Structure formats: C-alpha cells, structure tokens
Amino acid sequence: MRKPISRRDVLKGAATLAAGAVFAAPTRAAAPEPAAITPDLVAAATKEGKLVFYSSMDLPVGEKLGKAFEAAYPGISVQIERSGSERLFQRVAQEFDSNIHAADVVNSADASHFIPWKKSGWLMPFVPEDVAKHFPDNYRDPDGIAVTTRLWLSSIAYNTNLVKAEDAPKSFADLLDPKWMGKMVKGHPAYSGTIMTTTSRSCANSAGPIWRSSPGSA
C-alpha cells in the first residue's frame, strides 16, 4: 500500500524555510533525486496544518522565514522554537531518548551536530529542487541529509573609549596577550553553536571566539 503523504513530506522540501535538516527516518547510502513541491503534497500538509521549526538563528530572521513560508503555503502555520544551538542539541537528544519527535525541521549554527544526528538515523534524506539548482555541492551533504544555509564572520569588537585603534588586537591570536586577560567578554559555548565553534577553533589554532565590547571592557 502506498505510504500516505504527510505534512513532513512537504515541509521538508520547502526551500523557503531554508533550515539545516529534517527529522524523520534513517539515512540512505546516497542522496535521493531532487523533488518538487506538488499540489498533492501541499494539500496533504495543509490538512495537518503546522510545522515545528527548531531554530538557532536570530529570532527576527527565523520569524521572517516563518512568515514567508506561511505566505507561500496558506493554511500551514509555523511554530518557531528559538534557542542556542547547543541547547537545541541537548533538547533533540532528550526528546529522541523519550521517543518524542516534536521537531519537523532544525537549524543549527554548529555543523558538528549533524554528524551524530545522521549516524543515529534521525535525519531524512531529501533534496528539494531549489537546493539542487541553486546550492553548490560543497554546501550540501552528499547523502542529502542537510544543507548549509548561512555563513557569517566572527569579528572582534572593542570599546573605543578604552582602546585606541592602533592598540586594538588585529587577530584572534593577539588576544592571547596577557594584557587582555580579564578584559574580554563572550557568550557561553554551552548555549551558542557559534560561540562553541569559535571557542573550539581558538583552542585548536588560536582562532578565538567572538568578543563583545561592553562598558569597562576591551
């Protein structure tokens, strides 16, 4: 008997949402052929009516994506659950351990998360036509598990009231100078995937974390 088309089938392929991966069945050995969003898929998804999106991106950006999706597919609402990537990673693991499958789509700023998710068979292979057409191969998982949707710079900000331009650090390696000890502020790597990634890189090769200027700090 043919498997019924579900909300997840259509929502997983909508490039409008531009998320990292879709939770569903175990992985396959190779990426499936690119698939289109057909009227039948949209109709089936509309019957279920809601998409749950776990997002690590800025809330205004996630909300804008959700609104764009809702405009493209009237009758399907988007529920955005926004948190730091590391918190989302913990939440997903706890939910799967409890046999809870609440998320339809997840976006993470920590690319390493997709490795254990893929190994555990928690992600559904799917290649939307838009992804196949517009995304370079090196931005896509070869098995069709995930796609890179955003890139950003990790920069150093400093308080110009306390640090002169000529004295400001020119690289993350400069921050290893003892004169900056106790004068730097950054997010906690246990919460943010961006902070975790840049902190890990700083430990490996002195390409350090994102630093934020604040009153009284460099």
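1. Let us start with F89. F89 is partly exposed, because its relative accessible area is 27%. Here buried means under 20% relative accessible area, exposed means over 50%, and partly exposed is in between, with a 1.4 Å probe and protein chains only. Please keep in mind that this is a predicted model, in which local features need pLDDT of at least 70, side-chain atom pairs count only at pLDDT 80 or more, and totals for chains, interfaces and linings use all residues. Residues are numbered from 1 along each chain as its sequence is written, and side-chain values use heavy atoms, with hydrogens and water left out.

2. Next, the aromatic rings. Rings of Phe, Tyr and Trp (its six-membered ring) pair if their centres lie within 6.5 Å; planes under 30 degrees apart count as stacked, over 60 as edge-to-face and the rest as tilted. By this rule the count comes to 4 aromatic pairs. One of them joins F89 and W117, a tilted pair with 5.8 Å from centre to centre and 35° between the planes. This pair links distant parts of the chain, since F89 sits in helix α4 and W117 in helix α5, 28 residues apart. Helices (H or I, at least four residues) and strands (E, at least two) are DSSP runs, numbered from the N terminus.

3. What is the relative accessibility of W117? The value is 1%, so W117 counts as buried. The rings of W117 and F114 have centres 5.4 Å apart and planes at 85°, so this pair is edge-to-face. Both residues lie in helix α5, 3 residues apart, about one turn of the helix. F114 is buried, as is W117. Together, F89, F114 and W117 form one aromatic cluster.

4. Now to the charged side chains. A salt bridge is a side-chain nitrogen of Lys or Arg within 4 Å of a carboxyl oxygen of Asp or Glu. How many salt bridges does a search of the whole structure find? The search finds 6. One of these pairs E95 with R91, with the closest N and O atoms 3.1 Å apart. Because they are 4 residues apart in helix α4 (residues 85-97), E95 and R91 are separated by about one helical turn. E95 is buried, with a relative accessible area of 12%, while R91 is partly exposed at 30%.

5. Two further bridges are worth a look. E70 pairs with K67, and the closest N and O atoms are 3.9 Å apart. Both residues belong to helix α3 (residues 59-72), where they are 3 residues apart, about one turn of the helix. E70 counts as partly exposed at 23% relative accessibility, and K67 counts as exposed at 58%. In the other bridge, R140 meets D137 with the closest N and O atoms 3.5 Å apart. R140 is partly exposed, with a relative accessible area of 22%, and D137 counts as exposed at 63% relative accessibility. Salt bridges that share partners also join E81, R91 and E95 into one network.

6. Which residues in α2 are buried? L41, A44 and A45 are buried there. They cover an arc of only 100° around the axis, which puts them on the same side of α2; the arc is that of the directions from the helix axis to the C-beta atoms. P39 and K47 are exposed on the other side of α2. Just after α2, G49 takes a positive phi of about 85°.

7. The C-alpha atoms of A45 and G75 are separated by 8.9 Å, although the two residues are 30 residues apart along the chain.

8. Finally, the largest pocket. A pocket is an open set of points on a 1 Å grid over the protein atoms alone where a 1.4 Å probe fits, with protein on both sides within 12 Å along at least five of seven lines; lining residues have an atom within 4 Å of a point. The largest pocket holds about 530 Å³ of space, a volume being the space filled by probe spheres set on the points. It is lined by 24 residues, of which S108, A109, D110, A111 and T148 lie nearest its centre. Helices α5 (114-119) and α7 (193-205) each supply at least two residues of the lining.
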